[in-house]
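User: I'm new to this. Can you walk me through the model below?

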Amino acid sequence: MTAIPQERRVVTAIPGPKSQELQARRTATVAGGVGSVLPVFTARAGGGIIEDIDGNRLIDFGSGIAVTSVGASAEAVVRRASAQLADFTHTCFMVTPYEGYVEVCEALAELTPGDHAKKSALFNSGAEAVENAVKIARAYTKRQAVVVFDHGYHGRTNLTMALTAKNMPYKHGFGPFAPEVYRVPVAYGYRWPTGPENCGPEAAAQAIDQITKQIGAENVAAIIIEPVLGEGGFIEPAKGFLPAIVKFANDNGIVFVADEIQSGFCRTGQWFACEDEGIVPDLITTAKGIAGGLPLAAVTGRAEIMDAPHAGGLGGTYGGNPVACAGALGSIETMKELDLNGKAKRIEEIMKGRLAEIRKNAPNGAIIGDIRGRGAMIAIELVKDPETKEPNAEAAGALAKACHAEGLIVLTCGTYGNVLRFLPPLVIGEDLLNEGLDIIEQAFAGI
């Protein structure tokens, strides 16, 4: 599958001397606002390994933030994108269209939930997809208000910053933000005052009550939610919450938008995370895992809703770039051929089992307050005291640092900065997966 040996190898300090030299060049010319989790510079990547310019091979539990689900150099993605590069790199679909764009829209119509007639529009990034979903919903409903949820993340453009819940680092100092955005509670079972067993219906009732009283359902164009909340901490809304919100939206002519940018394309063991409770969204936004690392995003939805904007109202110079479309077709081909939904479920089985052992047996394992997620979208929430559930961001940072030093790429997230999240490529070997979990276990001894 990949020419890179699927073995961890640490031959220098992390980062090594060549990466440190390149980091100095970066500091001189790259804007300081662009951060990096780990300043090791990549030479090549594939499978479950990232190799840096110093020759270190790191186990990848990040997938470029859920992007390289099929690996960072998947054969079908490389083959299809390379062939397209040789033919043409760009014409602009709005000037002279091409078949690849249409093929991706056909694939999205086949794969996304629901058997209704569907259409899609393609863009460059997740934030663009969400922003265009709002445009489409407003055009269809002739309403303005947009409802989002606590702990949600939807992007970094002006409108999507307004939709995003967390201030730092996403919103701080960048206002004012777009108006007519309203935030309501989400069913965060681990932190729900009356316990996870009551969370779904109680949170839905609170959210619906706030919408009804503070906004008016007749003013709401769209309700937008991640079926598994990503940056907010890999929160799975408690059972019953999403179906209740969807019913409220349907009963009131509100467009329900599933933001599947991080959770889509086999990441949770299903093509899309909303399938878990049988949710059929009116619109679904996708990006990240769609194209094997090439920049592509989409809004897919009910044909009558997607057709609401006037001709020329949707688009963009690079949206649905032909090389990115080729990459998407290669990525989808790989997901089907290798049954990456099945691979994701196996990753969940291994990771949750090992993480439960770490919580029970490892030094300091008791600070794992919650183990959650689905498929290859797994997280642990770290607390100072399991009784009080006080967030422990310091432990999350220390664990990440310890893992990085041993050649394991992990990411943090969460509204409180206290969640360690794991997003391995779906093609990772079980030996690498377990070796990465060994490193995590060892890291608990040192914090």
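User: Where is Thr164 found?
Analyst: Thr164 is in the loop between helix H6 (158-163) and strand E6 (181-184). Helices (H or I, at least four residues) and strands (E, at least two) are DSSP runs, numbered from the N terminus. This is a predicted model: local features need pLDDT of at least 70, side-chain atom pairs count only at pLDDT 80 or more, and totals for chains, interfaces and linings use all residues. Residues are numbered from 1 along each chain as its sequence is written, and side-chain values use heavy atoms, leaving out hydrogens and water.

User: Is Thr164 buried or exposed?
Analyst: Buried, with a relative accessible area of 0%. Buried means under 20% relative accessible area, exposed over 50%, partly exposed in between (1.4 Å probe, protein chains only).

User: What is Thr164 in contact with?
Analyst: Leaving aside neighbours within four places in sequence, the contacts (heavy atoms within 4.5 Å) include Tyr153, His154, Lys171 and Arg183.

User: And Lys171, which ring does its charged end sit over?
Analyst: The ring of Phe177, 5.4 Å from its centre. A charge sits over a ring if NZ of Lys or CZ of Arg is within 6 Å of the ring centre and within 35 degrees of the ring normal.

User: New topic. How many aromatic pairs are there?
Analyst: Eight. Rings of Phe, Tyr and Trp (its six-membered ring) pair if their centres lie within 6.5 Å; planes under 30 degrees apart count as stacked, over 60 as edge-to-face and the rest as tilted. One of the pairs is Phe93 with Tyr98, edge-to-face at 5.4 Å centre to centre and 80° between the planes.

User: Which of those two is buried?
Analyst: Tyr98, because its relative accessibility is 10%. Phe93 is partly exposed at 23%.
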